[in-house]
Structure formats: C-alpha cells, structure tokens
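Dear colleague,

Please find below the structure we discussed, followed by some notes on what was found in it.

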Amino acid sequence: MEKEIKKTNITPEMFKRIPKDDQEAEKIARPIITFWQDVWRRLKQNRASMFSLVLIALLVILCAVGPFMNEFDFKTQDSKSKNLSPNSTHWFGTDSAGRDIWTRTWRGGRVSLTIGLVCAFVAMIVGVIYGSIAGLAGGWVDTVMMRFVEILSSLPYLLLIVLVQLWLDKQTFGTMLLALIVTSWTGTSRMVRAEVLRIKSEEYVLAARVLGVKAWKIITRHLIPNAMSIVIVGVTFDIPGFIFSEAFLSYMGLGLMPPDVSWGIMSSQAQQQLMFYPYQLFFPTLMIALTMLSFTLLGDGLRDALDPKLRK
C-alpha cells in the first residue's frame with residue numbers, strides 16, 4: 001500500500017483533518033441583497049443597456065428644457081427665415097414656414113414620449129388586472145375573457161383609429177391616446193395570464209386559497225408581484241412601438257394635426273423638402289431612431305437581468 005502511495009505522489013499528510021475555525025464558518029460569502037438590488041447590479045454590468053438608459057435620460061431632459069434654450073416658439077412663423085441651414089442662431093435650421101427646428105424637435109419629443117409612456121403604462125395596468133383575473137378564475141370565465149381579447153387583437157388598429165376619430169369627430173392628443181389604448185393592453189393580458197396559470201399552482205398560492213384568502217388579495221400579494229418581471233420587460237418593448245405608431249399615423253395624416261407638433265408631423269412636413277433640405281427630415285427621424293433603439297436595448301438588458309437562470 002505504501003509503495004502505491006509513493007508511486008502516485010499521495011502522502012498520508014494529505015488526509016489530515018483540517019481544524020475547524022468558527023469565525024471562518026460564520027463568514028458570509030457575499031453581502032445579502034434583495035432581488036431588485038441584484039437585478040440592478042446585473043443591469044449595470046450590461047454596457048449597452050446602461051448607455052441606452054443614459055441616452056433616454058438625456059432625451060427626456062432635452063425634451064423638458066430644450067424648447068426654453070432659445071427665444072423661438074414652436075408655432076411662430078417667420079417668412080424671412082425660411083429653409084435656413086443649421087447655424088449659430090437656429091441650431092437645427094428652420095423649416096419651410098420659418099419655424100425653428102430645434103424648438104419644434106424637442107417640443108414634438110414631449111408629445112411622442114408622452115404618448116409612448118402613457119399608452120404603455122395604461123396597457124400595463126389594464127393588461128395586468130385583466131390577465132390576472134382571467135388566469136386565476138379559470139374555467140368558462142377565462143375562456144370568455146380570452147375570446148374577447150382575441151376579437152379585439154384581430155381588429156386592425158388603423159381601422160379602430162379611424163372609427164374613433166369619426167366617432168369623436170376630431171384629431172387631437174386625447175383621441176390619439178384613446179385610439180392607441182383600445183387594443184394596446186391585449187398582448188400584456190395574454191402574457192400575464194400565462195404567467196398566472198403557472199404561478200397559481202405553486203404551494204404558497206394553494207396555501208393562501210385553502211386558508212380562505214380573498215381572490216383580490218391573492219392577485220395583489222402573490223400573482224402580480226411574481227409576474228412583474230415579464231411585465232416590465234414588455235413595457236420597455238411597448239414604448240418604442242407606441243412612439244413609432246404615433247409617428248407613422250401622424251406621417252400618414254391620421255394622427256395629430258397642425259398646429260400640434262410631434263416627430264411624426266415634422267417628418268411628414270419635411271419629406272416634401274427632402275431633395276433640397278434633407279436636414280429638415282434628418283433631426284426628427286434621428287430622434288425616433290435613437291428613442292426606439294434605446295428602449296429596445298434597455299428591454300434586452302432588463303430581460304437578461306430579470307432572468308433567474310442567468311444569475312451568478
């Protein structure tokens with residue numbers, strides 16, 4: 001036996017008992033953090049997501065203070081300053097009516113971002129409540145509620161927008177919000193319902209139901225908090241979709257109407273001057289592209305940060 005040990009370079013000293021150190025045994029390997037603290041820690045490691053978050057913050061700040069950084073109003077027309085290239089006075093130049101593009105860009109950004117954020121928030125609230133009720137109730141209630149969702153989601157949103165505008169007989173900021181919100185929550189409700197169907201079979205939900213906890217308390221205390229991760233990711237992907245929808249509808253003449261201004265309205269008006277003054281189209285389309293790219297990258301980062309399988 002000793003000869004075999006010598007041949008394999010294994011010595012008896014290697015099998016000595018290591019003395020127990022009570023202080024070392026009680027040492028915490030890493031600090032205790034909550035789930036959301038861990039999500040933020042992992043999100044900060046994603047450089048693309050952090051860059052997009054900084055870019056979104058910068059766009060929001062410029063939309064808030066940008067129109068006040070010069071003396072021009074977004075509605076004021078100046079026949080002597082038509083189609084001026086970017087210069088020291090008009091930083092983004094002027095349009096065919098002599099209006100300052102810098103002021104109009106950030107003023108229009110307020111409208112576009114507000115539509116994206118409000119529609120996404122309302123879609124989240126309605127979708128979470130509707131999907132939670134359908135998933136928890138089950139049976140014929142779930143069937144009826146989901147068939148209603150399928151009917152709404154099958155309708156073309158352009159048709160709904162035209163019907164809403166004909167019904168209200170006007171094209172304003174409120175009608176745009178209403179038209180986009182009508183069917184915007186259906187996708188969120190489906191995701192939440194699927195997650196609730198998975199969660200409601202867990203032991204803690206079954207225990208709450210056995211103990212007689214009311215359904216609304218189960219939804220608010222157990223189902224919604226555990227489904228919020230997919231909802232947050234979904235919202236970050238919905239925001240650029242709503243911004244693009246507003247820009248597309250305004251570009252087609254189905255959205256907001258002058259004297260209101262948005263990135264879509266600016267793009268629609270600038271495309272007529274594209275061959276001669278391309279800068280008029282460049283700035284609003286650049287803001288649309290940056291906003292959509294930023295929210296998409298942020299959504300990718302949040303999806304990875306909220307995935308427990310990728311936790312280290």
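In the largest nonpolar core, which has 58 residues, the members that touch the most others are F92, W106, I115, C119, L180 and L223; such a core is a set of buried Ala, Val, Leu, Ile, Met, Phe, Trp, Tyr and Cys residues joined through side-chain atoms within 4.5 Å, where buried means under 20% relative accessible area with a 1.4 Å probe, protein chains only. Helix α11 (residues 215–251) gives the most to this core, namely 12 residues. A second, separate core of 8 residues includes A134, M146, V149 and L152.

This is a predicted model, in which local features need pLDDT of at least 70 and side-chain atom pairs count only at pLDDT 80 or more, while totals for chains, interfaces and linings use all residues. Residues are numbered from 1 along each chain as its sequence is written, and side-chain values use heavy atoms, with hydrogens and water left out.

Leaving aside neighbours within four places in sequence, W106 is in contact (heavy atoms within 4.5 Å) with L59, L62, C63, G66, P67, F92 and M287.

C63 is itself buried, at 3% relative accessible area, and C119 is buried at 0%. The sulfur of C63 has its closest cysteine sulfur in C119, 16 Å away, which is too far for a bond; with a disulfide taken as a pair of cysteine sulfur atoms within 2.5 Å, the count comes to 0.

Finally, helix α5 (residues 101–137) and helix α12 (residues 263–270) pack at an angle of about 135 degrees, with axes 7 Å apart.

Best regards

How values were computed:
Axes fitted to C-alpha atoms, helices over the stretch in contact; angles between N-to-C directions. Helix = DSSP H or I, 4+ residues; strand = E, 2+ residues; numbered from the N terminus. Buried < 20%, exposed > 50% of the residue type's maximum accessible area, 1.4 Å probe, protein only.
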